[in-house]
Amino acid sequence: MPALPVRDDLRAVRPYNTRPFPSMGDPVALLNNNESPRPPEGRHLETLCSAASRALATANRYPDTDLAALRSALARYAGHGVRADMVWPGNGSNEVLLHLLQTYGGPGRTALGFVPTYSMHEQIATITGTRWTSADRGSDFGLNHEVAAAAVEQHRPDIVFLCAPNNPTGTPLDRATLDVILRTAPGLVVLDEAYVEFSAIGTQAGLLAEHPQLVISRTMSKAFGFAGIRVGFLLASPDVLSPLRIVALPYHLSTLTAAVALAALEQADELLAHIPGVLAERGRMRDALVDAGHAVMPSDANFLFFDTGTDSSTMAAGLAGRGVLVRDVGPAGWLRVTVGHPDENNVFLKALFELSS
Ligand code: PMP
């Protein structure tokens, strides 16, 4: 068969890898996706089911194009003066970032990121034909304002990607670095706050009013435990968001998704009450790793980035052989592990220590 006529610029691009070890049996510790270990249950699950039933009863009708109720609820949740017209929801933050790059990126435009960082930023740039360029975070994985300013000056990017806390390193974003980028970037500044509910620093949504070029990306996949439902949202000025309606497909978010997301947002306080427990587990895991001699990056998120002191791909495969999934996204030697259920965390620590000895 002749070569398939895939776009030339996509031929060397690999799909995002969500199944690292397809041949392994049932995992016992799912610590590779930074998910919440808590499925919906009890009264919360019943509320979601009622909302889903009500939505299903109108399944013959298209969804509300405006998603007005969901945008209002997300605005209330975001706080910091965010209004409904400053919210753009979609099927996960990946999709809303795609809408953003389809609108503001594309051929002839450049996006800049600071690596290592969330690999989908580069992927979304690439699939929208946006030129991706990156600057290195340096050996401590921090991002100091001089490195950031020099990279912005050198590349003059149309879009700068920041991630706070940064995935995979867990490190917070220095406020001086954010300020310098907001001052000097010639185009949009995207701040990915997927893990912000776990962060001691918290959201920068309060900056939106004075920085019309700032776009904040949020998700219900992590702290809300809603990864399977697919709800993410951008926060930005209405002027920035309004053109996204050109690229988004009509009715992109289903009635069912919007209804259960609304029901979850109404229970936000109860749903987020588990976060202090995650942070306590994070501290316990960190101490155990440090005691065993591993370098561990300070984490402001629901995962830890640590140096295995050995070949990380061999270690990740060894862990997978014991049913423990973690993420090996480089740099060499380092692995990312989600703070999961305490039982999963114990299985991980035991397996790691056995494999290291
Ligand atoms: N941003 C970051 C930094 C992430 O780590 C993730 C998920 N791994 C996402 C965005 C995408 O999340 P979702 O599409 O589930 O909202």
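**Lys222**

I looked up the contacts of Lys222 in this predicted model, and, leaving aside neighbours within four places in sequence, I found Lys222 in contact with Asn34, Ser36, Ala194, Tyr195, Glu197 and Asn302. Contact here is taken as two C-beta atoms, placed from the backbone, lying within 7 Å. Lys222 counts as buried because it has 25 C-beta neighbours inside 10 Å; the classes are buried for 20 or more other C-beta atoms within 10 Å of a residue's own, exposed for 12 or fewer, and partly exposed in between. I placed Lys222 in the loop between strand E7 (214-219) and strand E8 (232-235), where helices (H or I, at least four residues) and strands (E, at least two) are DSSP runs numbered from the N terminus.

From the UniProt record, an unreviewed entry, I noted the feature "modified residue: N6-(pyridoxal phosphate)lysine" at Lys222. UniProt positions are given in the numbering used here, feature names are shortened, and annotations may be inferred rather than shown by experiment.

For my own bookkeeping, residues are numbered from 1 along each chain as its sequence is written. As the model is predicted, local features need pLDDT of at least 70 and side-chain atom pairs count only at pLDDT 80 or more, whereas totals for chains, interfaces and linings use all residues.

**The annotated domain**

I then turned to the span that UniProt lists, again in an unreviewed entry, as "domain: Aminotransferase class I/classII large", residues 50-346. The end C-alpha atoms of residues 50-346 lie 36 Å apart, and I found the span to be 39% helix and 16% strand.

Two packed helices are described by the angle between their axes and the distance between the axes. I used axes that are lines fitted to C-alpha atoms, for helices over the stretch in contact, with angles running from 0 to 180 degrees between N-to-C directions.

How do helix H1 (residues 42-56) and helix H9 (residues 255-266) cross? Their axes come within 8 Å and cross at roughly 150 degrees, which makes H1 roughly antiparallel to H9; angles under 35 degrees count as roughly parallel, over 145 as roughly antiparallel, 65 to 115 as roughly perpendicular and the rest as oblique. The crossing of H1 and H9 is right-handed, a crossing being left-handed if the near helix is turned anticlockwise from the far one by less than a right angle, and right-handed if clockwise. On the H1 side I listed Thr47, Leu48, Ala51, Ala52, Arg54, Ala55 and Leu56, and on the H9 side Thr255, Leu256, Ala259, Val260, Leu262, Ala263 and Ala264. This contact of H1 with H9 divides into 11 nonpolar, two polar and one charged residues, with Ala, Val, Leu, Ile, Met, Phe, Trp, Tyr, Cys and Pro counted as nonpolar, Asp, Glu, Lys and Arg as charged, and the others, Gly among them, as polar.

Helix H2 (residues 68-78) also packs with H9, at an angle of about 30 degrees and with the axes 10 Å apart, so H2 is roughly parallel to H9. H2 passes H9 in a left-handed crossing. The contact is made by Ala69, Leu70, Ala73, Leu74 and Tyr77 of H2 and by Ala258, Ala261, Leu262 and Leu265 of H9, and by class I found nine nonpolar, no polar and no charged residues.

I looked next at Ala84, in the loop between H2 and strand E2 (87-90). Ala84 counts as partly exposed because it has 17 C-beta neighbours inside 10 Å. Beyond four places in sequence, the contacts of Ala84 are Ala68, Arg71, Ser72 and Ala75. From Ala84 to Ala68 I noted 16 residues in sequence and 7.5 Å in space, C-alpha to C-alpha.

**Backbone details**

Which residues are joined by cis peptide bonds? I noted Ala164 and Pro165, with omega about -5 degrees, and Gly330 and Pro331, with omega about -5 degrees. Pro165 is in the loop between strand E5 (159-163) and helix H6 (175-184), and Pro331 in the loop between strand E10 (324-325) and strand E11 (334-338).

Phe141, although not a glycine, has a positive phi of about 60 degrees; Phe141 is in the loop between strand E4 (131-136) and helix H5 (145-155) and is buried, with 21 other C-beta atoms within 10 Å. Arg230, also not a glycine, has a positive phi of about 75 degrees, and I placed Arg230 in the loop between E7 and E8.
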